[in-house]
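Subject: Structure handover

Hi,

Here is the structure I promised to pass on. Please open it and keep it beside this email while you read.

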Amino acid sequence: LVYLTRHLADPDDRTGHCLLAWLVEGELDVAALESAVAAVHDRHESLRAAYLADPEPMAHLVDVAAPALRVLPGRPSTEAATARLRAALGAQLDPVEGEVWRTALVPIETAGGTGQRALFGCVVHHIAFDGWSEAVLARDLAAAYEHARCGFAARCRDFRGVRPVSAQPTARWSRTWKTGWMMRLRGRPS
């Protein structure tokens, strides 16, 4: 609720943006990475929800497409690639419209053309993501990427053989907790 309120009060506020980056060394299959982003998007309801404040705060599942993987021009160093990635991912996200994350890739040009490296990054709005989510996102992206690379792109959506991660149990628990407190406080002075 805090991050939604901040976003509504000041759409230019970026304090709710979580920027993540991974250095990829070796051959990178861009199509497999795009497939992995789509699979993770489909798997996690929080990444494909619109966050609404009215009539009461809620996450509403919307049919928003997975973010496109923006492949940016190469840079000569990791530092230059990081700066380019930060600039590319710095635009405002719009959680009210269901845009809660974005991805980009910056190839790193190596001296003499030896070795392949790239910087992959994403920005996720804190309303759909927290510190505990970082390891989950990294694990799921890696698993979906491996599936797509190995030719299982058709099955990539269900890459771990489990149902998509749902916010439903958390929402149900939250409503139960809220109802319990409201019943306890009923009739008490404000």
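By class, how many nonpolar, polar and charged residues does the lining of the second largest pocket have? It has nine nonpolar, no polar and three charged residues. Here Ala, Val, Leu, Ile, Met, Phe, Trp, Tyr, Cys and Pro count as nonpolar, Asp, Glu, Lys and Arg as charged, and the others, Gly among them, as polar.

Some ground rules. This is a predicted model, in which local features need pLDDT of at least 70 and side-chain atom pairs pLDDT 80 or more, while totals for chains, interfaces and linings use all residues. Residues are numbered from 1 along each chain as its sequence is written, and side-chain values use heavy atoms, without hydrogens and water.

**Overview**

The protein has five helices and six strands. These are DSSP runs numbered from the N terminus (helices: H or I, at least four residues; strands: E, at least two). Along the sequence the pattern reads α-β-α-β-β-β-α-β-β-α-α. Of the 190 residues, 32% are buried (under 20% relative accessible area, with a 1.4 Å probe and protein chains only).

**Strands**

Strands of a sheet pair through backbone hydrogen bonds. Here, two strands pair if DSSP finds at least two bridges between them. S4 and S5 (residues 101–108) run parallel, joined by three bridges. Arg70 has Ala104 in S5 as its bridge partner.

Elsewhere, S2 and S3 form a hairpin with five residues between them. Four bridges join these antiparallel strands. Ala50 stands opposite His60 in S3.

**Pocket**

Back to the second largest pocket. It holds about 250 Å³ of space. That volume is the space filled by probe spheres set on grid points, which are joined across faces, edges and corners. A pocket is an open set of points on a 1 Å grid over the protein atoms alone, where a 1.4 Å probe fits, with protein on both sides within 12 Å along at least five of seven lines; lining residues have an atom within 4 Å of a point.

Which element gives the most to this lining? Helix H4 does, with five residues. Strand S1 (17–25) and H4 (133–149) each supply at least two. Among the lining residues are Trp22, Phe120, Tyr145 and Arg149.

Best wishes

How values were computed:
Buried < 20%, exposed > 50% of the residue type's maximum accessible area, 1.4 Å probe, protein only.
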